[in-house]
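Student: I would like to go through the charged pairs and surface patches of a model. Please set each label against its definition.

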Amino acid sequence: MKEPDLELFVSNARKTLVEAQVLCQEASMRISGAKGSLSRWQQEVSKIKFMIISLKNQGEFLYKCILKVGIGENLIKKEWSQGLLVDLIDSMKSWQEQLTTRIAQLDGVDNKLVSSDDNGEHVKLGDFIPKENAHILNERLKEIPIIRRQIDNIKSQYSNMMKKVQEQVIQTKLKNLETLFEEKYGPSSTGSIELGESYLLEMTNLEHELVEYLNSLTDHFDKCRLLQSGELQGQNKQELLEIVTRDNSELSSVLVTLRDTIEDVDKLLLKFRITLEKNMADGNQLQTDIKKNVSEFQKYQEYLVIFRDISELISTFRETCLQEIQVTQELCDFYENFEASYYKLIEEADRRRSVAKQMADLISDCENKLQKLSNEDHKARERFLSLNGDYLPETIWPGKIDDFTPLYSLQYTIKDI
């Protein structure tokens with residue numbers, strides 16, 4: 001039997017292996033590229049899902065936290081409807097009534113310390129107080145109907161906004177987005193199963209087949225080199241030679257089968273790309289819908305800015321009212337203390353009159369005593385002159401000897417209280 005040409009076996013094995021390596025590497029690169037595209041698209045799908053979840057959470061936050069609690073319960077119900085239109089109005093009416101009552105009370109009290117004014121009218125305590133702030137709360141209360149209309153208008157806009165956010169945004173647009181996403185990319189959707197499971201499994205299986213082809217051809221090339229080295233002898237060599245001879249004859253068919261497998265790879269990748277492109281087109285539509293919803297939220301944000309501006313105007317009005325209530329409270333306290341101090345002043349005037357009377361009585365008594373003493377002095381002078389006058393010249397005490405003017409003079413004034 002003719003000895004086979006081992007050099008030819010090695011050459012054929014090397015040539016076939018190199019060609020197979022090139023074919024498998026190119027096919028493997030195409031599969032890797034497809035897997036990379038799939039991975040990037042899956043990341044994009046995750047982003048779309050995240051955006052939909054974020055929009056859903058934003059819608060719930062807008063509806064529950066901002067509209068329902070923040071504006072509805074805290075602002076409209078508590079701060080406006082109760083705090084402003086009930087509590088604040090009641091407080092303004094109450095303090096305005098107290099202020100009016102105190103002013104009327106002062107206008108009804110005659111000033112006993114002054115008889116009358118230039119027109120002969122009785123002077124009242126109310127004539128001494130400033131009254132430019134007597135009706136500041138009434139003026140504010142006149143503005144309440146305007147504020148009430150603004151609040152009613154806001155309530156109407158608020159109700160419409162609540163309805164739109166609940167029905168049009170959350171229950172319709174966002175729900176449709178979520179449903180569409182589940183249909184296109186949910187775990188049970190055809191596209192997700194094909195791309196994430198079927199195609200990926202087939203690509204992996206084909207990769208394994210390509211690896212098996214390369215392993216088989218590499219093993220054949222190694223066997224040919226082993227025979228060529230001459231290390232095997234006897235029965236082992238003969239058995240290996242038979243295997244190598246048979247495999248050498250099948251190399252061309254192996255290449256044909258390998259090309260068929262690569263053709264299966266390309267067919268699979270073509271279907272994969274078509275499916276992926278369809279999914280990407282659906283994703284683009286979803287992203288367009290997401291952008292529309294984002295724009296919708298931006299529109300509601302503009303509405304919220306209007307709410308904020310009106311709220312600031314109403315808050316400014318409320319703060320002004322509270323400041324004027326404080327002014328009214330201070331006026332009421334001042335008027336109360338003014339009236340109390342007036343009555344204390346009456347007591348003080350009576351006290352001073354009493355002191356003045358005591359002083360007048362004291363001086364009157366003093367005058368009587370001085371007059372009595374002066375009379376006695378006058379009689380004593382007369383007796384002195386009667387007994388001694390004829391013997392004393394006037395020049396001895398010029399102007400004094402026969403002077404009968406009183407020794408005292410009393411000048412005083414007591415204020416009329």
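Tutor: A salt bridge is a side-chain nitrogen of Lys or Arg within 4 Å of a carboxyl oxygen of Asp or Glu. By that rule, the whole structure holds 25 salt bridges. This is a predicted model, in which local features need pLDDT of at least 70 and side-chain atom pairs count only at pLDDT 80 or more, while totals for chains, interfaces and linings use all residues. Residues are numbered from 1 along each chain as its sequence is written, and side-chain values use heavy atoms, with hydrogens and water left out.

Student: What makes R259 and E19 a salt bridge?

Tutor: The closest N and O atoms of R259 and E19 are 2.1 Å apart, and the limit is 4 Å. The pair links distant parts of the chain, with R259 in helix α5 and E19 in helix α1 (residues 6-107), 240 residues apart. Helices here are DSSP runs of H or I with at least four residues, numbered from the N terminus.

Student: Why is R259 called partly exposed?

Tutor: Buried means under 20% relative accessible area, exposed over 50%, and partly exposed in between (1.4 Å probe, protein chains only). R259 has 37% relative accessibility, so R259 counts as partly exposed. E19, at 27%, is partly exposed too.

Student: Which parts does the pair of E336 and R102 tie together?

Tutor: The side chains of E336 and R102 meet in a salt bridge at 3.5 Å, N to O. E336 lies in helix α5 and R102 in helix α1, so the pair ties together parts that are 234 residues apart in sequence. With a relative accessible area of 23%, R102 is partly exposed.

Student: Which residues make the negative patch?

Tutor: E209, E212, D260 and D264 gather in that surface patch. The elements giving two or more residues to the negative patch are α3 (190-229) and α5. Asp and Glu count as negative, Lys and Arg as positive, and His and the chain ends are not counted. Patch residues have over 30% relative accessible area and no salt bridge; like charges are joined within 9 Å, nonpolar side chains (Val, Leu, Ile, Met, Phe, Trp, Tyr) within 5 Å. Each charge is placed at NZ of Lys, CZ of Arg, CG of Asp or CD of Glu. D264 has a relative accessible area of 40%, against the required over 30%.

Student: Which residues form the nonpolar patch?

Tutor: F384, Y391, L392, I396 and W397 make a nonpolar surface patch of about 600 Å². Accessible areas come from the Shrake-Rupley method with a 1.4 Å probe; for residues, only the protein chains shown count as cover. F384 lies in helix α5 (residues 251-388).
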